[in-house]
Amino acid sequence: PISDIVGRSNKDDERLVKLIAAPALVSTMDWIVAAGEPGQQDRHAKALIRVANSDLILDEVDSYDVKAAVAVMRVVQIAAMFGRNVIVSSATLNPALADGLCLAYAKGRKVHDAMFGAAPWHLTLVSDQFEPCSLACPTHEQAVRHYRKTLREASQRLRSAAPTKRYRVAGVQGEDVLYDTIIEQAAQLHERNAFVPKGLKCRVSIGLVRVANIKPCMGIAQALRKDGHFIVTAYHAQDVIQRRAEKERLLDKILDRSGDAWVGALLGELPWITGYEGDVRLVVVATPVEEVGRDHDFDWAIIEPSSMHSIIQTAGRVNRHRRRPLEPGEINVSILSHNIRALRGKPIAFTRPGLETESNAKSTHPSHDLGELLRTQAGTHRNSA
């Protein structure tokens, strides 16, 4: 067993034993990616042992830039060479990246068959938007054709259903009016989406303001507090660990909107609203930690754009559990027309986070204005993410 080999050769290296021999390993990609990088020598060997003996699950693979995505595909090919199963999990996997991943896996299987003999294998596509469908020994062309066909069918179903998210682009004319724009948008979205919860007398809405970086997160939270109409918390990765854990515990309870238990959790945190008859505007100002892995259901959101991936992921936290159909003209997502880097005149704006790059001294994006980059259907502001 691998654990015996590692135990004999690395008796004092418990961390390495866990990385290589644990039955299930949860790891960042920066360690696993060495399996496809022979030049990294000892790191390559350790990661290769793990990948060669493990099935691989990749989460949010489309969040990588081009160079990193190529490195991930090398790991997929290595896994296929050793006959391992690979699952790619993402709500926003685009067909071009799916093409590359399918090609990498199919090429790896060819090497496997040449070394160990041909064996049956399947490529299974899994998403919350369609039923799993397995293709027996497909070429990458067959796999991608099937994936595109499935996406078209899922898209048609979404278009025929009542939308649960609808967006508008909020114009931001300069950094000096950014805070005022966000406060104005938050007030308007509250008015559109607030309601009286069961057992209360006050109108309540819980909103999300998603920003790219921590410093603006703190500034916007402070501006909303100073306005005096909002109850605000800032949620980011560099908060004190104990305080962040407590925030996540409370948010997980209050933002579980699948039933009415969230009202009790809210009363436990804000008991004064029991007989209150005014408006309660709750706002979480968060960095991308909110859009990755949090199962929260907000009433509305304001988004500072970093990438289409981040917009879709953040919008997925709005009306998430209840899936309440929106009335015509009803809006629950506001996307700022420019992010902070664009307002400051940066030539590369959708980065850190974001996937915008520079090629031949020119940006890969023709504009940083979401009013120009986002296309709407027949003049409507609709987002079925």
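## Strand β4 and A136

Strands here are DSSP runs of E with at least two residues, numbered from the N terminus. In this predicted model, strand β4 covers residues 130–136, and A136 lies in that strand. A136 is exposed, because its relative accessible area is 54% and the cut-off for exposed is over 50%. Leaving aside residues up to four places away in sequence, A136 touches W121 and H122.

R148 belongs to the next topic as well as this one. A136 and R148 are 12 residues apart along the chain, and their C-alpha atoms are separated by 17 Å.

## R148 in helix α7

Helix α7 spans residues 140–160, and R148 sits in this helix. R148 counts as partly exposed, with 38% relative accessibility. R148 and D299 are 151 residues apart along the chain. Their C-alpha atoms are separated by 32 Å.

## Helices α5 and α6

Helix α5 (residues 66–81) packs with helix α6 (residues 95–116): the two axes come within 7 Å and cross at roughly 30 degrees. An angle under 35 degrees counts as roughly parallel, so α5 is roughly parallel to α6. The crossing of α5 past α6 is right-handed.

On the α5 side, the contact is made by A69, M73, V76, Q77, A80 and M81. On the α6 side, the contact residues include L97, G100, L101, A104, Y105 and K107. Further along α6, G108, R109, V111, H112, M115 and F116 also take part. By class, the contact of α5 with α6 holds 12 nonpolar, 4 polar and 2 charged residues.

## Helix α4 and its neighbours

Helix α4 runs over residues 42–52, and its buried residues are H44, A47, R50, V51 and A52. These buried residues pack against α2 (14–21), α3 (29–32) and α5.

The pairing of α2 with α4 has an angle of about 40 degrees, with the axes 8 Å apart. From α2, the contact uses L16, K18, L19, I20 and A21. From α4, the contact uses K46, I49 and R50. This contact divides into 5 nonpolar, no polar and 3 charged residues.

## Helices α10 and α11

Helix α10 (residues 241–254) and helix α11 (residues 261–269) make another packed pair. Their angle is about 140 degrees and their axes are 7 Å apart. Roughly antiparallel would need an angle over 145 degrees, so α10 is oblique to α11. The contact is made by L250, K253 and I254 of α10 with W262, A265, L266 and E269 of α11. The classes are 5 nonpolar, no polar and 2 charged residues.

L250 lies in helix α10. L250 counts as buried because its relative accessibility is 19% and the cut-off is under 20%. L250 and A118 are 132 residues apart in sequence and 52 Å apart in space, C-alpha to C-alpha.

## Cysteines

How many disulfides does the model contain? The count comes to 0 disulfides, by a rule that asks for cysteine sulfur atoms within 2.5 Å. C102 is buried, with a relative accessible area of 11%. C217 also counts as buried, at 0% relative accessibility.

## Backbone exceptions

Most residues other than glycine have a negative phi, and most peptide bonds are trans. E60 is not a glycine, yet has a positive phi of about 50 degrees. E60 is found in the loop between β1 (56–59) and α5. E60 is buried, with a relative accessible area of 18%.

R323 is not a glycine either, and has a positive phi of about 50 degrees. R323 is placed in the loop between α12 (308–315) and β10 (333–336). R323 counts as partly exposed, at 40% relative accessibility.

Which peptide bond is cis? A cis peptide bond joins R352 and P353, with omega about 5 degrees. P353 lies in the loop between α13 (340–343) and β11 (358–359).

Conventions. Residues numbered from 1 in each chain as written. Predicted model: local features only at pLDDT ≥ 70, side-chain atom pairs only at ≥ 80, totals over all residues. Heavy atoms only, no water. Axes fitted to C-alpha atoms, helices over the stretch in contact; angles between N-to-C directions. Helix = DSSP H or I, 4+ residues; strand = E, 2+ residues; numbered from the N terminus. Parallel < 35°, antiparallel > 145°, perpendicular 65-115°, else oblique. Left-handed = near helix turned anticlockwise from the far one by under 90°. Contact = heavy atoms within 4.5 Å. Nonpolar A, V, L, I, M, F, W, Y, C, P; charged D, E, K, R; others polar. Buried < 20%, exposed > 50% of the residue type's maximum accessible area, 1.4 Å probe, protein only.
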